[in-house]
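Here is a short note for a colleague who has not seen this model before. Please look at the structure first, then read the points in order.

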Amino acid sequence: MSDDESEYLRLLPAVHASRSEDGTPSFVERYLMIAESLLGRRDGGEAGVQKGMAALLEALPALLSPRLSFLFPDSTELLPPIEVADQTAPFPLAPTEDVLEVLNHFLGIVPFVPPESLETLSASKRRQRMSLILEPLAQLLEWLSGWIALVPIREWSIDKRRDVLSRIVPIYRKRGTLEGLKELMEAFFDNVVVESDRQTVWIKTNVVDMTPAQPIELGTNTTLAETASPKQEQAALKNIGTLPMCLPVLDGMRPHYFVAGIYLNTAKYNIQAQLERLKNTMVSFVDEEKPIHAHCTIIYVSKPDYLG
């Protein structure tokens with residue numbers, strides 16, 4: 001029995017499993033291929049339908065993981081990207097399209113189109129088809145985020161959502177600590193691109209502890225001072241920028257105070273409105289995630305060399 005024959009034929013008596021002399025499938029075999037395409041593991045490509053139900057059930061555990069391993073059966077990367085562009089190809093988004101067609105073959109989001117016919121479509125129609133496939137994938141990732149109380153930022157790409165989803169649970173164990181805030185800032189905002197028609201700016205973040213002090217002991221080192229000591233904060237300020245006005249502190253040092261720096265890859269930027277929106281997002285984020293007793297200030301630091 002050749003590979004093109006239905007695997008269901010082996011369940012029938014031999015008299016019904018045979019083909020004609022010229023190899024034409026019998027009516028019974030063609031009928032079984034329909035059921036096998038819908039319920040079994042057949043590829044379904046020749047019939048123009050999605051993969052069988054058994055193939056989808058096998059992929060279901062991977063579908064509930066941000067790696068989506070069933071889309072990359074031969075990849076050894078920790079998180080293979082979906083959105084990839086090849087500027088040397090006639091259609092630069094072809095690598096992304098290939099991955100999305102695999103997803104569509106499992107889920108049947110849009111009607112199946114053979115690869116040879118897909119290449120004849122215009123670039124705009126191919127992009128429209130990709131958008132239709134990406135939409136339920138974004139909804140799936142948002143649903144997965146809801147299970148771990150993660151609210152993704154609207155501007156995130158599909159791969160950024162997958163990356164944060166894959167990293168967020170271990171970071172949650174450190175929630176409410178300075179180290180946890182650092183890792184959350186890196187996961188949410190590092191390598192964010194802010195762009196306009198005139199300029200593109202890459203973002204990185206850092207959080208600096210402004211109080212490298214010994215633990216406070218009541219009655220021993222809890223005297224009230226008017227302002228923070230510049231000497232005690234000089235080392236912490238070296239890599240973060242200019243500190244705002246000092247506030248009253250205990251024993252000459254700020255208790256539980258730190259600065260979050262937004263590092264820009266340019267000394268001059270013309271996208272102030274976009275950066276202000278990003279900063280406002282960060283302020284809300286830090287207020288939600290910082291240690292409840294701590295104070296934090298967010299500042300811009302223009303360091304073109306910081307991002308390499």
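1. Trp-147 is exposed, at a relative accessible area of 64%. Trp-143 is partly exposed, at 46%. (Buried means under 20% relative accessible area, exposed over 50%, partly exposed in between, with a 1.4 Å probe and protein chains only.)

2. Phe-189 and Phe-285 form an edge-to-face pair, with ring centres 5.3 Å apart and planes at 85°. (Rings of Phe, Tyr and Trp, the last by its six-membered ring, pair if their centres lie within 6.5 Å; planes under 30 degrees apart are stacked, over 60 edge-to-face, the rest tilted.) Phe-189 sits in helix α8 and Phe-285 in helix α10, 96 residues apart. Both are buried.

3. The model is predicted: local features need pLDDT of at least 70, side-chain atom pairs 80 or more, while totals for chains, interfaces and linings use all residues. Residues are numbered from 1 along each chain as its sequence is written, and side-chain values use heavy atoms, without hydrogens and water.

4. Six aromatic pairs turn up in the whole structure. One of them joins Trp-143 and Trp-147, edge-to-face, 5.7 Å centre to centre with 85° between the planes. These two are four residues apart in helix α6 (residues 123-147), so about one helical turn separates them. (Helices, H or I of at least four residues, and strands, E of at least two, are DSSP runs numbered from the N terminus.)

5. The protein chain has ten helices and six strands. Of its 308 residues, 37% count as buried.
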